[in-house]
Amino acid sequence: MKDLNKRFWEIDVLRGLAILLMVVYHLIFDLTYFGIFYFNLSWGVLWWFARVVAFIFLFLVGVSLNLSYTRTQLQGKENKAIFKKYFKRGVKIFSLGLLVTLATWIFIPEDFIVFGVLHFIGIAIILEYPFLNKKYFNLVLGFIFILIGFILAQFTVNYPWLLWLGLKPAWFITVDYFPLLPWLGVVSLGLFTGKILYPSYERKFDLRDLSKSPVIEIFSFMGRHSLLIYLLHQPLLILILYLMGVLDLENLINFINV
């Protein structure tokens, strides 16, 4: 009998690696943002590094959505119950994004997050529901969404109401921004890949079982708890910098109150 409760360790490991790389990037970002060291984050290697990490993370959102949907179908649940499941999940993650918005509005009001990665993932889970049973259509949608996103990025507008879509004002500044376009295309590509590599909730390729390796277990653990790590890592990074003596509390408070 097919085990519908099993996890594919390679997905957890890749997600764990992505969340670790994200923490590393955010440490570099914090060092620059608080004036401790300077790194050029607006172009070059670090600019590409941030986007590659984001691509991997959101691509795996699509792969995981496919696995979850396939498992739910095999469990014999009705479409109404399936939609309710993903709608509730999307609303939950989007609500966490709103909490991040509130926290950043309080502490860094000049650069607070309006539509960051959690806002995006929450909305993407809901919007992708009609396409969860598609295969090659998601491949086409993926490239279309990415292309439109690149086109929209060449324009600026005088209003902020379409930030969620990918149209932003020239004056818009934020520390985290993931509009639906082009990033919805990355999730769509993940859905397509999931359909190809994991049909019927089975791995279609041979892979040596490394799940018991200590290193693999660490990354798997991080992958399974990536949302919690995302929510906690920035306060912990700032606390560590303070305890190490490289971030002065008085300067931090002054910076926040600027």
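What is the accessible surface of the chain, and how much of it belongs to carbon and sulfur atoms? The accessible surface comes to about 14,900 Å², and 70% of that belongs to carbon and sulfur atoms. The model is predicted. The chain holds 9 helices and 2 strands, and its 258 residues have a radius of gyration that agrees with that of a compact globule.

**Fold and overall shape**

- Along the sequence, the elements follow the pattern α-α-α-α-α-β-β-α-α-α-α.
- For 258 residues, a compact globule would have a radius of gyration near 18 Å, and the chain has 20 Å, which agrees.
- Taken along the principal axes, the box filled by the C-alpha atoms is roughly 60 × 50 × 35 Å.

**Burial, contacts and charge**

- Of the 258 residues in the chain, 45% are buried.
- Among contacts with a separation of 6 or more, 74% are between residues 24 or more positions apart.
- The chain carries 22 positive and 15 negative side chains.
- The centres of the positive and negative sets lie 13 Å apart.

**Aromatic pairs: Phe 8 and Tyr 201**

- The whole structure contains 16 aromatic pairs.
- One of the pairs joins Phe 8 and Tyr 201 edge-to-face, at 5.2 Å centre to centre and with 70° between the planes.
- This pair links distant parts of the chain, as Phe 8 and Tyr 201 are 193 residues apart.
- Phe 8 sits in the segment before α1 (9-33), while Tyr 201 sits in the loop between α6 (180-197) and α7 (214-224).
- Phe 8 counts as buried because its relative accessible area is 5%, under the cut-off of 20%.
- Tyr 201 is buried too, because its relative accessibility is 2%.

**Aromatic pairs: Phe 83 and Tyr 129**

- Phe 83 and Tyr 129 also form an edge-to-face pair, with 5.1 Å centre to centre and 70° between the planes.
- Phe 83 lies in helix α3 (residues 79-107) and Tyr 129 in the loop between α4 (117-127) and α5 (136-152), so the pair ties together parts that are 46 residues apart in sequence.
- Phe 83 is partly exposed, because its relative accessibility is 37%, which falls between the cut-offs of 20% and 50%.
- Tyr 129 is buried, because its relative accessible area is 16%.

**Aromatic cluster**

- Phe 8 and Tyr 201 belong to a cluster that also includes Tyr 198 and Phe 205.
- Ring pairs link the members of this cluster.

Notes. Residues numbered from 1 in each chain as written. Predicted model: local features only at pLDDT ≥ 70, side-chain atom pairs only at ≥ 80, totals over all residues. Heavy atoms only, no water. Helix = DSSP H or I, 4+ residues; strand = E, 2+ residues; numbered from the N terminus. Rg over C-alpha atoms; globule rule 2.2 N^0.38 Å. Buried < 20%, exposed > 50% of the residue type's maximum accessible area, 1.4 Å probe, protein only. Contact = heavy atoms within 4.5 Å. Areas by Shrake-Rupley, 256 points an atom, 1.4 Å probe, with all protein chains shown as cover. Lys, Arg positive; Asp, Glu negative; His and termini not counted. Charge placed at Lys NZ, Arg CZ, Asp CG, Glu CD. Phe/Tyr/Trp six-rings, centres within 6.5 Å; stacked < 30°, edge-to-face > 60°.
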